[in-house]
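Me: I have a structure to learn from. Can we go through the terms and test each one against it?

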Amino acid sequence: MSRLAALALLGACASRTPEAFDQRMTTFVGRPETELVAGLGVPSRTYEADGRRLLQWDFLQQNPGPAIYPSIGLGFGSFGWGGSGVGVGTGLGVGLGGASPPRGCSVVFEVREGLVQGFNRNGPGCVA
């Protein structure tokens, strides 16, 4: 992999922030409810009271990459013609998939008179 491709990949991972998520969701504010549903799909829950409608979406985001964690290892071995040895070392372990659970995100939009008024988000998976 070239350095430029590696930097682009690193930059893509670094840009996944709650602020970027908010910026994406803000595009729906002031728009009709039908555009919100067209953009995000059918909501997980709805609630109506006092002339307002709340629509909730629940999302699961996979963790963006392998987990890196410190580790200590112990090794035993044989070194040719009857030799033996024991070693202790440290290093970094890299988890390859399934090591960490998905991160949840819940977003609730408020709609009045058919127009999106605002939203609230909750959860560590609310990144874009």
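Reply: Start with burial: buried means under 20% relative accessible area, exposed over 50%, and partly exposed in between (1.4 Å probe, protein chains only). Helices (H or I, at least four residues) and strands (E, at least two) are DSSP runs, numbered from the N terminus. The model is predicted: local features need pLDDT of at least 70, side-chain atom pairs count only at pLDDT 80 or more, and totals for chains, interfaces and linings use all residues. Residues are numbered from 1 along each chain as its sequence is written, and side-chain values use heavy atoms, without hydrogens and water.

Me: Which residues of helix H3 are buried?

Reply: In H3 (residues 33-40), they are Glu33, Leu36 and Leu40.

Me: What puts them on the same side of H3?

Reply: They cover an arc of only 55 degrees around the axis, so they share one side of H3. The arc is that of the directions from the helix axis to the C-beta atoms. On the other side, Thr34 and Ala38 are exposed.

Me: What makes a set of residues a nonpolar core?

Reply: Its members are buried Ala, Val, Leu, Ile, Met, Phe, Trp, Tyr and Cys residues, joined through side-chain atoms within 4.5 Å. The largest such core here has 13 residues. Phe21, Leu36, Leu40, Trp57 and Phe109 have the most contacts inside it. Strand S5 gives the most to this core, four residues.

Me: Why are S5 and S6 called paired strands?

Reply: Two strands pair if DSSP finds at least two bridges between them. S5 (residues 103-112) and S6 (residues 115-122) have seven, in the antiparallel sense, so they pair. Val107 stands opposite Arg121 in S6.
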